[in-house]
Number of protein chains: 2
Amino acid sequence: MIQYTRVERASGTASVTILAVSIEFHIEARSGAARAGRLITPHGDIETPVFMPVGTLASVKGVSQDILEELGVRILLGNTYHLYLRPGVEQVRKLGGLHRFMAWPRAILTDSGGFQVFSLNELRKVTEDGVTFRSHLDGSSHFLSPEAAMQAQIGLGADIIMAFDECTEYPADSARMRASMEMTLRWAERSKKYFEEHKHEVPWNGSRVAAAERTQALFGIVQGGMELQLRKESAERTVGVGFPGYAIGGLSVGEPRSLTREVVESTIEHLPADKPRYLMGVGTPEEIVAYAKLGIDMMDCVLPTRAARHGLLFTSEGKISIKQARYTGDDSPLDPNCGCKVCQRYSRPYLRHLYAANEVLAQVLNTIHNLSFYLDTMRTVRHSILLGKETGSSCVQSEPKP
Amino acid sequence: MIQYTRVERASGTASVTILAVSIEFHIEARSGAARAGRLITPHGDIETPVFMPVGTLASVKGVSQDILEELGVRILLGNTYHLYLRPGVEQVRKLGGLHRFMAWPRAILTDSGGFQVFSLNELRKVTEDGVTFRSHLDGSSHFLSPEAAMQAQIGLGADIIMAFDECTEYPADSARMRASMEMTLRWAERSKKYFEEHKHEVPWNGSRVAAAERTQALFGIVQGGMELQLRKESAERTVGVGFPGYAIGGLSVGEPRSLTREVVESTIEHLPADKPRYLMGVGTPEEIVAYAKLGIDMMDCVLPTRAARHGLLFTSEGKISIKQARYTGDDSPLDPNCGCKVCQRYSRPYLRHLYAANEVLAQVLNTIHNLSFYLDTMRTVRHSILLGKETGSSCVQSEPKP
């Protein structure tokens, strides 16, 4: 189960070879297709299913790291494309890697930069070799390939890094979906090769990972557009390349939600049961619950943090747009069922005022609440799995008969 | 020393009269002209000399109330002009006053709105009656008089409120300075009259101030431009009107710093020794130390919070402009001698990155540090006074002889 790798370490003048393990994944309980697991990384354990807040530029916008710790965040997501441009991989590497740079001792996952680069549209050119793109900041020209993306992610030093893939656009025809999927597979092999040859270059110093001598883990990404047969083939062949975890990419790109679910459900069948499964860029609170029930272990999404900045708040009573005048006189907490520090202290009229007055504290407090809501949602799902409850059906069964 | 006021309270069908006290001020130690005191307000005790962070719109920009508590903030300043426009006094009053609205159980001081209104320049018109002005937000027309400013400040319900004064522009000729000072005195009397007749309308509910049954306190403001004789007259006649505390206003309006100090020093002589003295809108870390040594007990300034938003940080080693490229590779804390949560956790390159990337967390962390620095500075001054040290002279005396 555990993947060991030989790592050469210089020790004085002699060189010693030790065995290094990347991540471990243990499934602690199952309920239907859902699993409650534990992901052991170089920077701590993560209980799954897990929602990973997005910290694009080495910061979850507006929220300090101690508050993220208080919220129970065990793993953050960083965006390689953005960090590559600012502050630059070399600067982060020199300062000891992303954990030390941003003073975050817990786990980090970085994406490969592929998704962001593909979002640039007119500013990019894709070849077999890689992607040439222009910075959205200053128009400067850059090149990302599987090798360059690995180099960047090793330099940043996240615990989990992602193979460089092509996110197939939607809609696309069958030929295009296949060609794109095939290239992603070739890029997966190139990513793995570079990673295996260079993973010892991770900038962690010995003391920070002394206990386990763990290395980074590289996850593969399943593509294949919206065609289930291609998804099956992509999954099987990506598993054939061999990774300690697998992501489902290329979704939430404009397709209907029912199609997203269909693709996820059919792809999961072709992924190994004992490896973590990561669904990228999903979703609403309802969706993260639904996907966890299908057997997804990891998810990330900008929705809770981005919506917070627009005054859209998720609560146990549904969505609230705090900018609405109706909350001016409604002197109740944002969510009476929420235990977060925002709901415990502040009222809807105050949050409404902060938002209307364009106060920075609005973004801070809204983001803390939304993240708390997402993390609580995931904890509840995990708890249900551990109790062996299948939330939907058991609720129906326990209803009194008419 | 303590000012008692008769307060009528409805109790069932009967009406009982109780004695209510506003604030108390006790001087605990003196060192030269400096005093270490304790100001007892309806919402807690404040150790003086004190620096009051500015929370213009019921928020210290970017910093949540629990962090302000952690920083040891005992009193915040709110701006009546801004709160009057947004969210409006009536809304705050209905929701129980500013303390409850912003979930801040400690003390608050509001200015009278005069200074902000006078800053509007072309948008205002001053008569004996009051000031007609246009909102900087939507151009709507408003009127503030001593009575209206009192009504607003009673509705907001701060612990300490300020008489409505005219901030004399700089430079101004003698006749103008005198006329303005005279009007401020007439407005002080009108402010006091309205306040005494209406202070029972404060929106605190009984339970929140049950212990002391304290009322709001109204402070008078000394004006008189830059002419020392007028300042003396203004001080003496304002003291003649009678307030539980006195502010020195109309400074930091463009005059040289040496003149500010001269005016403060000469005005203090004419203020009662047993009442708190509040110097409005001052200043740099060096200035707040200097004024505390002259016998000032309370100060407020936007400098630490505003400078933070521009990346200007106050440290024990001097000012730092965190945007400078030199901090990119300098992997040390912002201020190695500071115990604040920012300096304890984050490095200069990270703070520089957040600022350069325009991340909201830059403002949050910079503000926390600058406030911490100001509050620590004041605590150190207070400690010196309690130890009986006159920082300047005693240092000189204790130096070894050559």
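This is a predicted model: local features need pLDDT of at least 70, side-chain atom pairs count only at pLDDT 80 or more; totals for chains, interfaces and linings use all residues.
Local features were considered at pLDDT of at least 70 and side-chain atom pairs only at pLDDT 80 or more, while totals for chains, interfaces and linings use all residues. Residues are numbered from 1 along each chain as its sequence is written, chains are lettered from A and ligands numbered from 1 in the order in which they are written, and side-chain values use heavy atoms, with hydrogens and water left out.

In chain B, eight strands form an open sheet with parallel pairing, in the order β6-β16-β15-β14-β13-β12-β8-β7. Helices (H or I, at least four residues) and strands (E, at least two) are DSSP runs numbered from the N terminus, and two strands pair if DSSP finds at least two bridges between them. Strands β6 (50-52) and β7 (75-78) of chain B stand at the edges with a single partner strand each, so one side of each is left without a neighbour in the sheet. Within the sheet, β12 (residues 160-162) and β13 (residues 217-222) of chain B pair in the parallel sense over three bridges, and M162(B) has F219(B) in β13(B) as its bridge partner.

In chain A, strand β4 (residues 34-41) is mostly covered, with seven of its eight residues buried (under 20% relative accessible area, 1.4 Å probe, protein chains only). Strand β3 (residues 24-31) of chain A pairs with β4(A) in the antiparallel sense over seven bridges, and F25(A) stands opposite L39(A) in β4(A). Two residues separate the strands of this hairpin, in which G32(A) takes a positive phi near 65°. Strand β4(A) also runs antiparallel to β5 (residues 44-48) of chain A, to which five bridges join it; R38(A) has E47(A) in β5(A) as its bridge partner.

Over all chains, 16 aromatic pairs were found (Phe, Tyr or six-membered Trp rings with centres within 6.5 Å; planes under 30 degrees apart are stacked, over 60 edge-to-face and the rest tilted). F51(A) and Y374(A) form a tilted pair, 4.8 Å centre to centre with 55° between the planes. F51(A) lies in strand β6 (residues 50-52) of chain A and Y374(A) in helix α14 (residues 360-386) of chain A, so the pair ties together parts 323 residues apart in sequence. Both F51(A) and Y374(A) are buried.

Notes: Buried means under 20% relative accessible area, exposed over 50%, partly exposed in between (1.4 Å probe, protein chains only).
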